[in-house]
Amino acid sequence: MNQPAATDNAIREKLSSYTDPYLSQTLAEAKAVESVTLQNGAVSVGLVLGFPCADYAGELKTALQNHLQPLLGQCRLDLTLRAQITAHAVQRTLKPLGNVKNIVAVASGKGGVGKSTTAANLALAWAAQGAKVGLLDADIYGPSQPLMMGLTGAKPVSEDGKHLTPLRAHGVEVMSIGFMIDQEQPMAWRGPMVTQALTQLLGETNWGELDYLVVDMPPGTGDIQLTLAQRVPVSGAVIVTTPQDIALLDARKGLKMFEKVEVRVLGWWRT
Ligand SMILES: Nc1ncnc2c1ncn2[C@@H]1O[C@H](COP(=O)(O)OP(=O)(O)OP(=O)(O)O)[C@@H](O)[C@H]1O
Ligand SMILES: [Mg+2]
């Protein structure tokens, strides 16, 4: 039978020193190594990662095979990968939302740059990688998610008369003001009404256990956006922009707004 050229301790130590390119940390620093066992000519490794990683196992296994040679000898490497999504910090003044580990706001200073498209795709991509995901359409004046998620005309129900059950599409829990209003009628609401409606949509929806709640923000950097950025306990923001100078100028304003309320900007998406 094949035997590895090293003990399980030596293999564990070498494994722990591997730097994951997505985490920019070693597996030891990420506390990712759960088990290393040598059995029947195979080295079995169990890892836990803090991000959605269903499709990552193949790539990681190849990298680890290279990293662990020649300690493996003629042995096969079996990799079991598990995700336990990390809950990241929110603004110091706010409490995280019940069952929701991370709220991620998708925003921009400018309208029509692809926020809703990016928010929907981010939610779908995380769900495809095995995460539990919700999508909140915070664009009270122009909700897009009912159409984008194929839920036009659908109505959420309330089981207890207080909380709404989100609608489910493509493995994502969706809530939008668009489910409640006639989308053909323009909304003539003032700022405070808008923030109140949003606070209700966020807090009075039965989200269940979620790893990520993606919030599709309305365009602009006015009062509504500022209030939202101050009230919603977000782990981070994604700023969407098109490449034109004017769009970038607006996107920078959006970025500054989040910095002002101590929300980490996770990245830019240039459509
Ligand atoms: N990467 C892309 N390439 C080309 N077209 C895109 C891309 N992303 C979005 N679009 C298109 O651009 C238009 C606006 O997109 P979207 O509704 O996502 O923008 P938005 O920023 O949410 O707009 P609003 O500010 O009105 O909410 C849509 O027609 C969409 O299909
Ligand atoms: Mg939109």
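Mentor: Let's start with a rule: two strands pair if DSSP finds at least two bridges between them. Strands (E, at least two residues) and helices (H or I, at least four) are DSSP runs, numbered from the N terminus. What you have here is a predicted model, where local features need pLDDT of at least 70 and side-chain atom pairs count only at pLDDT 80 or more, while totals for chains, interfaces and linings use all residues. Residues are numbered from 1 along each chain as its sequence is written, chains are lettered from A and ligands numbered from 1 in the order in which they are written, and side-chain values use heavy atoms, with hydrogens and water left out.

Trainee: Fine. What is the strand order in the open sheet of seven strands?

Mentor: Reading across, you get β8-β9-β7-β10-β6-β11-β12, and the pairing is mixed. The edges are β8 (167-169) and β12 (265-270); each has a single partner strand, so one side of each has no neighbour in the sheet. From one strand to the next the twist averages 25 degrees (axes are lines fitted to C-alpha atoms, for helices over the stretch in contact, and angles run from 0 to 180 degrees between N-to-C directions).

Trainee: And which helix packs on that sheet?

Mentor: That's α5 (residues 191-203), which touches β6 (100-107), β7, β9 (172-176) and β10; contact means heavy atoms within 4.5 Å. The direction of α5 makes about 165 degrees with that of β7.

Trainee: Do β7 and β10 run parallel or antiparallel?

Mentor: Parallel: five bridges join β7 (residues 133-137) to β10 (residues 210-216). To find one of them, go to leucine 136, whose bridge partner in β10 is valine 215.

Trainee: What is the order of the three-stranded open sheet?

Mentor: That one goes β3-β4-β5, again with mixed pairing. Here β3 (33-39) and β5 (76-83) are the edge strands, and since each has a single partner strand, one side of each is left without a neighbour in the sheet. The twist averages 15 degrees from one strand to the next. β3 and β4 (residues 42-49) run antiparallel, joined by six bridges; threonine 37, for instance, has serine 44 as its bridge partner in β4.

Trainee: Which helices lie across these strands?

Mentor: α1 (residues 8-16) lies across β3 and β4, at about 145 degrees to β3. α2 (residues 57-68) lies across β4 and β5, at about 135 degrees to β5.

Trainee: Now the backbone: which residues does a cis peptide bond join?

Mentor: Glutamine 69 and proline 70, with omega about 5 degrees. Proline 70 sits in the loop between α2 and β5. Look also at lysine 31, in the loop between β2 (25-26) and β3: its phi is near 50 degrees, a positive value in a residue other than glycine.

Trainee: Last one, then: which residues are around ligand 1?

Mentor: A residue counts as near if one of its heavy atoms lies within 4 Å. That gives Gly111, Gly112, Val113, Gly114, Lys115, Ser116, Thr117, Asp139, Met148, Pro219 and Thr271. Helix α3 (residues 115-128) gives the most to this shell, three residues.
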